[in-house]
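This report examines selected features of one protein model. Please view the sequence and the structure together while reading.

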Amino acid sequence: MQRTLVKDALNATASSNAILLQGWVRTRRDAKAFSFIELNDGSCLKGMQVIVDATLPDYGNVAQANTGASIEVHGKLVESKGGGQKWEVVAEKFTVLGEADNTYPLQKKGHSLEFLREIAHLRPRSNLFGAVFRVRSRLAYAVHQFFQERSFHYVHTPIVTASDAEGAGDMFRVTSLDLANPPKTADGKGVDNAQDFFGKKTFLTVSGQLEAEIFASALSNVYTFGPTFRAENSNTSRHAAEFWMIEPEVAFCDLNGNMDLAEAFVKHLIRDAKEHCAADLEFFGKFVDKDLLARLDFVLEKPFVRCSYTEAVTILEQSGKTWEHPVAWGANLQAEHERFLTEEHFKCPVTVYNYPRAIKAFYMRQTDGTAEGRETVAAMDLLVPGIGEIIGGSQREERLDKLRAGMALHQLNEKDYWWYLDLRRYGTVPHAGFGLGFERMLMFVTGVANIRDVIPFARTPGTADF
Ligand code: 4AD
Ligand code: MG
């Protein structure tokens, strides 16, 4: 007999004489003539109420059906007499597949998120994490849907790489050398990386952008969606050492087209979650962030604000606030500034664009006609309330001479980027792209405040369990 998922059983349009459910016991209540068991199988937030009659031959098995045990129930799907649910299952055959004793850590509700992180192997069985990871799965699908429907091609960019895509140096080394006894260079002073596995120094990628640019220069519209790694030692609620990023790259596109795409993309993901994860979002609205649903609606309704970096600095200077990090033209915007702009000043998502050239990556397109000392690049960051930056992107420098100047400014070696420079030698075109941090988007859509709670197994400084 085929198993029915709880989700489908709860949405049934008619009763059934024979149904098979399999899942885990959330709660059990024993009355005189019956036991009531809530069976959850993760297909949706809700569980199915299962009623086991004390006269059933299998009734003896019920005593082993403790919270956390896995069970299998053959029975009838009938209309529920009690309030709260439309359907319930009256058991005819009741089996405990795997017992769980009273050491099962998810006995009671109300565990702290910190505690649940320590049992990341069991937390998907809680309401909160079940909901988070269903939304994560759905939005991963919606990412592909958004781009595939717009004729973007999905490119698998490498995870092991020899190039620093951001030129920021926050990279994890990948090596098969014996660290205690590495081969030495001829002069005996340094490590001979030519003897390493790949014949050179390699790292985990920080971004698939540069490779995506290669493919955009051939297939026009592409996107990546994969894990990226940053060895920045930032212990914040928004930073992970391993996170997933979506990076579209579009040929024949400028900064405005890029901002339009980013806005449409973010709105698509929110709309999709609202449509396909309604029960889970409602749960977040009740138990995680009571303003969540109103905020998501609000974000969908209004166009995002666009504000140049220079305007943003003026707003911050005139805000009358005292900042931990001083505001001045040329300095990077810090989280406190970003959050002020989006949460207090504009009270809506804001795309800040045209940042000072010196503080942004080497590949960003220099804005024509900016005054010396105030040179900017066609960068954009999308800031949202509660989180700050969720998207970073830019129009790329497609002019060979300007790109070389940018690399010199950031003290990068042209030899390491020869293929990237070639894209500007052969059929170069204006192009643009951005990266959306998938976990930050999930934080925004679920209201969950810590990045560690929207990724199945968080990799942060000092933590790589599971
Ligand atoms: O702004 P970033 O560093 O931009 C890039 O990597 C570009 N190559 C993207 C592109 O233009 N194709 O990162 C992009 C986004 C950020 O806005 C943020 O949402 C997320 O990636 N991100 C992180 N998320 C979690 N933990 C971290 N340590 C993150 N660093 C960046
Ligand atoms: Mg950024």
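## Basis of the report

This is a predicted model, in which local features need pLDDT of at least 70 and side-chain atom pairs count only at pLDDT 80 or more, while totals for chains, interfaces and linings use all residues. Residues are numbered from 1 along each chain as its sequence is written, chains are lettered from A and ligands numbered from 1 in the order in which they are written, and side-chain values use heavy atoms, with hydrogens and water left out.

## Helix α6 and its cover

Helices (H or I, at least four residues) and strands (E, at least two) are DSSP runs, numbered from the N terminus. Helix α6 spans residues 278-287, and its buried residues include Leu 281, Phe 283 and Phe 284. Buried means under 20% relative accessible area, exposed over 50%, and partly exposed in between (1.4 Å probe, protein chains only). Among the elements covering these buried residues are α3 (127-149) and α5 (255-276).

Asn 127 belongs to helix α3. Beyond its neighbours within four places in sequence, Asn 127 is in contact with Arg 26, Leu 45 and Phe 283, where contact means heavy atoms within 4.5 Å.

## Salt bridges

A salt bridge is a side-chain nitrogen of Lys or Arg within 4 Å of a carboxyl oxygen of Asp or Glu. By this rule, 27 salt bridges are counted. One of them joins Asp 272 and Arg 138 (2.8 Å, N to O). Asp 272 lies in helix α5 and Arg 138 in helix α3, so the pair ties together parts that are 134 residues apart in sequence. Both Asp 272 and Arg 138 are buried.
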